[in-house]
Amino acid sequence: MDLKELFFEEFKEKVPIIQKGLTKLLEDPSDGKAVEEVFRAFHTLKGSSGLVGFNNFQKVFHKLEDYLRKWKSIPADPVITTRISEVVDFISSKEIDLTEEDLKDINDILEGKKKVERRSQTIKFSEDLKGFLERAMDNLIELESSIISQDEASISSSLRSLKNLFFSFYEKIIYIPIKEVVEGFDRYVLMDAAELGKKAKLVLKIESQARITRKHAEILRDSLIHLIRNAVVHGIEPPEERRSNGKDETGKVIVRAWIDSDVLNVVVEDDGKGIDIDKVMEKAKKLGMTETDPFKVIFMPQFSTFDEASSKSGRGVGLDVVKTAIESMGGKIEVTSQKGKGTKFHIKLPVGRYLKKVLVVRRGEKVFGINLPDVEEVISNPEVFEIEGKTYVNIEGKDYVVKDFNTEEFKKVIVAKDSALAIDEIVGIRETSIKSSLMDIPFIKGFAFGLYRYPVPIVDPSTMPIKGKKDIERKRVLIVDDSPLTRVVLKRTVERLGYETIEGSSFEEGKKLIENEKFDFALLDINLPDGNGIDLLKLVKTKDKNIKAAMITTEDYNVYYPKAKEYGVDAFIQKGEAIESLIRFLEE
């Protein structure tokens with residue numbers, strides 16, 4: 001490593017020290033210890049840059065050192081402190097000596113003529129790979145020894161330890177804690193407030209389990225930077241205004257983060273003046289916008305494009321960019337605001353663990369799962385009663401409405417999310433991978449894989465059907481396909497969703513079933529050994545045009561589409577497609 005590389009390594013080591021000291025000065029301009037820490041860092045870097053011939057770096061460090069020297073006898077200027085912090089951000093990414101153009105930009109930053117765009121820091125994965133491999137090898141040696149000795153208990157234990165080790169390492173690679181994503185945000189709040197003559201502080205309330213995938217971490221960080229700046233610039237009032245309204249002169253920007261089931265919740269809220277609804281709608285009207293919900297208007301590109309920007313506010317983009325970024329990760333963002341009390345932005349993002357603990361249960365012929373964290377307790381022989389046609393159970397003096405797929409009696413319930421799920425048997429607790437459903441499927445959160453030969457639905461207890469006194473007639477699905485395997489897969493999937501099925505394996509069988517049976521849906525194979533499924537479609541729609549019919553095929557359905565459309569087809573489903581396609585057809 002040459003001297004110039006050593007300089008940049010030293011510089012990168014000093015940057016966190018400098019920024020931490022500048023943050024302390026923004027909190028307390030009279031903090032002499034912080035002044036001394038930052039001064040020493042600049043003084044050291046000034047000497048180091050001179051030694052390696054980086055004359056322009058040396059000039060900058062000398063100039064920054066002069067500011068700190070003055071503050072040894074007088075309080076630091078918050079605005080200049082902010083600009084110095086921006087200069088450090090600006091030069092910390094350089095890999096050669098500063099150019100004359102860089103020096104001009106630095107002067108403009110110090111004079112308040114130029115703002116430094118806040119970009120996400122690259123969030124890197126740091127893990128002791130050697131240590132992981134050593135632990136994995138130790139586990140493999142133990143497993144080998146257990147297999148040789150045919151010790152089944154030891155084999156099981158070694159396999160479990162090895163699996164846990166690999167998945168722990170996997171999750172460290174894939175995910176990053178939200179605490180790391182928001183690193184440095186306290187400085188941003190202080191800097192923005194100082195620039196605007198305001199007082200504000202950041203409050204973090206982040207659960208230790210809150211995390212996000214690394215591929216989305218920088219997108220989320222950029223979005224949060226924008227929301228936090230928005231809160232300081234447009235939400236937090238000047239100190240005198242806050243005092244006159246009976247508030248603490250220092251405003252709060254609060255970032256909360258927690259995991260609820262498979263959803264990461266991140267909230268950015270402030271205790272400022274709130275969104276002026278009348279002003280928003282007045283501006284929307286001037287722009288010719290037809291949207292009547294002010295909380296949707298603020299996310300629209302037209303609104304942001306015409307919003308006023310200033311060098312102090314730093315608004316280069318609007319909230320539409322944040323919304324687009326959140327939606328690109330499969331999430332959504334909502335806003336609520338109360339005049340005089342503040343504004344809250346709530347981000348919800350899908351996030352999960354590769355392996356999850358699931359309670360697998362059976363009710364009648366249906367096998368389904370519930371996320372173990374959702375389960376409160378299992379009760380046998382509960383006290384059952386009915387009110388206004390709904391079934392309830394009383395457990396320790398509290399009434400729970402019963403959710404059920406079945407019309408039969410039950411002897412066990414699972415208490416979960418203020419509901420009681422009727423079940424017949426607990427199959428067991430399993431650790432499995434779960435694929436979240438990308439569609440809004442009633443009461444199904446996703447599907448567990450690896451438990452059986454078919455995916456097991458994971459239910460949301462809060463949205464399951466309520467058990468009533470009267471039996472509810474189940475909808476029927478006609479399945480016509482010559483492949484026994486296809487019929488089994490379709491039958492199991494459909495019945496686990498609460499539907500009844502009737503089956504045919506040929507054109508003639510299908511024709512008879514259409515003529516003699518009642519059904520609400522039809523799943524028809526296009527190519528049958530003794531006829532064409534399109535002709536069955538015509539018979540179905542002739543019988544009742546309200547019956548929903550889908551064609552099942554392995555081929556390019558565009559060939560059949562014109563004729564099928566003429567007969568009123570409702571959907572085409574490719575064999576082997578994601579199971580959600582079938583569910584969407586039945587549930588929409």
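Me: Which residues are buried in helix α17 (residues 507-516)?

Reply: Happy to start there! This is a predicted model, where local features need pLDDT of at least 70, side-chain atom pairs count only at pLDDT 80 or more, and totals for chains, interfaces and linings use all residues. Residues are numbered from 1 along each chain as its sequence is written, and side-chain values use heavy atoms, leaving out hydrogens and water. Buried means under 20% relative accessible area, exposed over 50% and partly exposed in between, with a 1.4 Å probe and protein chains only; in α17 the buried residues are F507, G510, L513 and I514.

Me: Why do the buried residues of α17 line one face of the helix?

Reply: Helices are DSSP runs of H or I with at least four residues, and strands are runs of E with at least two, numbered from the N terminus. The arc is taken from the directions from the helix axis to the C-beta atoms. Seen down the axis of α17, the buried residues line one face because they fall within an arc of 125 degrees.

Me: Which exposed residues does the face of α17 turned away from its buried side carry?

Reply: The buried side is covered by elements including β19 (476-480) and α18 (533-543). The face turned away from that side carries the exposed residues K512, E515 and N516.

Terms used
Contact = heavy atoms within 4.5 Å.
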